[in-house]
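Hi,

Here is the structure I promised to pass on.

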Amino acid sequence: GSPRLPTAVNITWSSINFKTILRWEPKPSDYFYTVEILGQTSNTQRKCILTTETECDVTDVLRNVRETYTAHILSVTSSRMDNFEQPPYAISEKFTPYNQTILGKPEIQNYTQKDSKMSIVFKDPLTPYMFPNGSFQSIRDIFKNDLEYKLYYWKDQSSGKKDATTKSNKFEINVENTKNYCFYIQGAIPSRRENRAGQESMVLCTSIGRNILDEYGTEVFIIIAVVAIAVLTLAIVLPVILCKRKRAKHAREKQPLNGA
């Protein structure tokens, strides 16, 4: 028979917010790969048929996110796939999207620090899966009550972290009203055995001065600045003018004496 084709190695599942990519090695030379996804209850589905790539987006065949899947990566020649001989293939590890997809970064929409209260509002990451009306499902739509968020916060320039937990999209915490605070948020699924904590949001810091601006408006500060500059200018210029006038008056008083 024909020489046996090489099979895939180093097969990995990479999944964030339920977008799932299967990757493997090596690059094929004179053959192709075809991916078969096998579920516990669903029919086998083929993806990336006769590809020369070493990755395959399998998101759309993993819609039943609580099901456990296995991938068979077939090594095939360009001749018909439906011949009687089973092509050589490699088997991936099992993958359950609900338990193993990584939670992506939450998006912080708004944050304020007023007196001793800090408020943070954020959005759930979206998944590639859609509702019948065409809008994307968020991770909350899928995980529901299993999803929570952790807030880590600390005084600016300090290393002592505190944390808080919420099941909503908002944090309200007590802070020292004279200190600026830095923080980040990450999603979590406490019921999981692994991959409990998601990706961290960007780190942001409050600015008490900026929040005063937010509260009273920039116009007030512009007026104050203009008045301050005017007062300062007057304080510098006025003594100079008075001094010059005094000298001029003194010079005029002396002139007749010099002319005599």
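**Starting with one lysine**

Lys123 has a relative accessibility of 38%, so it counts as partly exposed; the word covers everything between buried (under 20% relative accessible area) and exposed (over 50%), with a 1.4 Å probe and protein chains only. The side chain of Lys123 meets that of Glu107 in a salt bridge, 3.8 Å from N to O. By salt bridge I mean a side-chain nitrogen of Lys or Arg within 4 Å of a carboxyl oxygen of Asp or Glu. Lys123 belongs to strand S9 (residues 117-123) and Glu107 to strand S8 (residues 107-114), so this pair ties together parts that are 16 residues apart in sequence. Glu107 is partly exposed too, at 45% relative accessibility.

Before you go on, a word about where the numbers come from. This is a predicted model, so local features need a pLDDT of at least 70 and side-chain atom pairs count only at pLDDT 80 or more, while totals for chains, interfaces and linings use all residues. Residues are numbered from 1 along each chain as its sequence is written, and side-chain values use heavy atoms, with hydrogens and water left out.

**The whole protein**

The protein has four helices and 17 strands. Both are DSSP runs numbered from the N terminus: helices are H or I with at least four residues, strands are E with at least two. Of its 260 residues, 37% count as buried. The accessible surface comes to about 16600 Å², and 54% of that belongs to carbon and sulfur atoms; these areas come from the Shrake-Rupley method with a 1.4 Å probe, and for residues only the protein chains shown count as cover. Take the contacts (heavy atoms within 4.5 Å) with a separation of 6 or more: residues 24 or more positions apart account for 59% of them.

**A sheet and a hairpin**

Two strands are said to pair if DSSP finds at least two bridges between them. S3 (residues 32-39) and S6 (residues 69-76) have eight bridges and run antiparallel.

Leu151 has Ala164 in S13 as its bridge partner. S12 and S13 form a hairpin with six residues between them, and in the turn Gln157 has a positive phi of about 70°.

**More charged pairs**

How many salt bridges does the structure hold? There are 10. In one of them, Lys19 joins Asp57, with the closest N and O atoms 2.7 Å apart. Lys19 sits in strand S2 (residues 19-25) and Asp57 in strand S5 (residues 55-57), so this pair links parts of the chain 38 residues apart. Lys19 is partly exposed at 43%, and Asp57 is partly exposed at 30%.

Glu36 and Arg46 form another salt bridge, 2.9 Å from N to O. This pair links strand S3, which holds Glu36, to strand S4, which holds Arg46, 10 residues away. Glu36 counts as buried at 13% relative accessibility, whereas Arg46 is partly exposed at 40%.

**Rings**

The structure also holds 12 aromatic pairs. Rings of Phe, Tyr and Trp (its six-membered ring) pair if their centres lie within 6.5 Å; planes under 30 degrees apart are stacked, over 60 edge-to-face, and the rest tilted. Tyr31 and Tyr33 are edge-to-face, 5.4 Å centre to centre with 80° between the planes, and both are buried. Tyr152 and Tyr184 are stacked, at 5.2 Å and 25°. Tyr152 lies in S12 and Tyr184 in strand S15 (residues 181-188), so the pair ties together parts 32 residues apart in sequence. Tyr184 is buried, with a relative accessible area of 7%. Finally, look for the cluster in which ring pairs link Phe18, Tyr98, Tyr129 and Phe143.

Cheers
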